[in-house]
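User: I would like to learn how to read salt bridges in a protein model. Can you take me through some cases?

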Amino acid sequence: MSGTVHLPVGQEAIEAKGWMGAHKYLILRRLAQLTFLGLFLLGPWFGIWWVKGNLTGSLTFETLPLTDPFVLLQGMFAQHWPEMTALIGALIVGGVYAIIGGRVYCSWVCPINPITDGAHWVHDKLGMQKGWQPKRTTRYWILGTVLLVSAATGTIAWEVINPISMLHRGLIFGIGSAWTFVLVVFVFDVFVSRRGWCGHICPVGAFYGLLGQKALLRVSAVNRAACDDCMDCFAVCPEMHVISPALRGKTADTPLILSPDCTNCGRCIDVCAVDVFKFSHRFDTASAPGRVARSKPLSKSGASRAA
Amino acid sequence: MPANVTTSSPVNRRRFLQDTARVTAGCAVAGSFLAYLSLDARALPAQAIRPPGALDEDKFLAACIRCGLCVRDCPYDTLKLAELGVDGPATGTPYFTARDVPCEMCEDIPCVVACPTGALDPSLTNIDDADMGLAVLIDQERCLNALGLRCDVCYRVCPVIDEAITLERRHNERSGHHAIFMPVVHSDACTGCGKCEKSCVLPGESAIKVLPRRIAMAEAADHYKLGWEDRDPLVDELIDLPDRLPGPGTDNLAAPGGYINGTEALPDPSMEGGFTPSFSLPDTGSVGQ
């Protein structure tokens, strides 16, 4: 049975496209994450103050204000109406993510993403069970709870915990014991819940997901007819439920991954040996014939697996 | 409709109620924990001073997004962002410790200008109106001026000299003939910059410390009438009480120029007369010791 001949995830893609081709978006993503972090570190490390502040609020080239809209929203629930600078900053950030893609923040900017990706790698190496998998609505309930607690306590509640700002601010301004929050997230993802933090808990991701519901950037399973059921895309996808509707859709169904949970990380594009996926936009109407129903894997695919 | 049948079946209804209960309970537990942490974060240590213009602590944590832009624009590296487990204030919020680096009271108040949210109130445009805290001469046993020496350093460094801190001359009871120049802080002028606390020459802790006003100041006793400020009488007309003159039952017959029956009892023979009481004491008819 072909089921017993498991090649490591992505092996076929490496053979077909070369290592760089099979890790293109992963590398680009790491570069983006490093760039965004590096811009903030230029000041404190090298005295080049292009960007001041951190991810919750910053000032670039002394003119461009940027503010985390979720933090500002909590502040408004806590009954503080912010000054215009912060409002403009939040509108810019919110607008950009609403247009480009909400959870692009999660996979291309957020400094916790490499941590949880690393945790998933360890989780896989250890052969851990997937563990506790809360419902997909959990993060929205947490999001609501955070806003309620902000209103009830008159504080920006999530910032008491938020491992993103704990890490990001910590790297820039001094971390104290805040690294423990990062460690907790790592341990949680390795031992308690596969893809647990970013996939089920984090209300920041939930917020950006809601923000980007109508965003332009989408992954499309445009070449889904070529899918050979190797399942590698499901194995690398941090939100694997988003793939099925597009990949397994009938000819009449859109091949676009429209779920707000998709982080546009592009790993499915990397890891697919037959190039089923590509980056596209939500108004892409290119026809994509559905996958031909088959009961067992193609012999061609079986041969390549055996190779 | 089959869909309707399934959604209204008892099993699904029970499932729905169970799920709802679980989600509600989960959110309540997580929310309570988060609320506890948020409220706990308000416990600002007395010696952590917020930047100029900072809103009251209960409003500050709703407004401050912990971006650190005030820290970056502070030219004297006074401000720091609190680190978890190292510093007392809520993690990531700006503060300073006056004994380490006080506020230099920049005229353009760059920290307030940098704040994007208004957690540092932009209506503060004159740094002399800042209210970061109130200096208190907290150790009056070891303060050198209180001991009668002329240290005067806190007074000399005060940016609002002779208004926020004055030296009040008092009698030195120890020597009996020297003066004590006591540093006295005036709450209407003190900005809480902490330069006095920084410069106190005592080793270790300072004798004068900036404290939050909520700790350093009492509430005025509005139920007392301060007659020297408000000269209107409490009652419309004065009550005419009977005048009291020296006489029986009082202890001051000897003065002034007190009359005593018999000159040998006069304390000083040169004292003449005085006046004669209009009545005499019942028993002896004489008054004396």
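Analyst: Start with one pair in this predicted model. Arg103(A) and Glu239(A) form a salt bridge, with their closest N and O atoms 2.7 Å apart.

User: What is the general idea behind such a pair?

Analyst: Side chains of opposite charge can pair when their charged atoms come close.

User: Which parts of chain A does the pair Arg103(A) and Glu239(A) tie together?

Analyst: Arg103(A) sits in the loop between helix 4 (84-100) and helix 5 (104-109) of chain A. Glu239(A) sits in the loop between helix 12 (232-236) and helix 13 (243-247) of chain A. The pair therefore ties together parts 136 residues apart in sequence.

User: Are Arg103(A) and Glu239(A) buried or exposed?

Analyst: Both are buried. Now take chain B. Arg50(B) and Glu57(B) meet in a salt bridge at 2.6 Å, N to O. Arg50(B) is buried, and Glu57(B) is buried too.

User: What about Asp152(B) and Arg150(B)?

Analyst: They form a salt bridge as well, with the closest N and O atoms 2.9 Å apart. Now check each partner. Asp152(B) has a relative accessible area of 5%, so Asp152(B) is buried. Arg150(B) has 48%, so Arg150(B) is partly exposed.

User: Which residues are linked in a network of salt bridges?

Analyst: Arg29(A), Arg30(A), Asp117(A) and Arg195(A) are linked that way.

User: How many salt bridges does the structure hold over all chains?

Analyst: The count over all chains is 22.

Terms used
Residues numbered from 1 in each chain as written. Chains lettered and ligands numbered in written order. Predicted model: local features only at pLDDT ≥ 70, side-chain atom pairs only at ≥ 80, totals over all residues. Heavy atoms only, no water. Salt bridge = Lys/Arg side-chain N within 4 Å of Asp/Glu carboxyl O. Helix = DSSP H or I, 4+ residues; strand = E, 2+ residues; numbered from the N terminus. Buried < 20%, exposed > 50% of the residue type's maximum accessible area, 1.4 Å probe, protein only.
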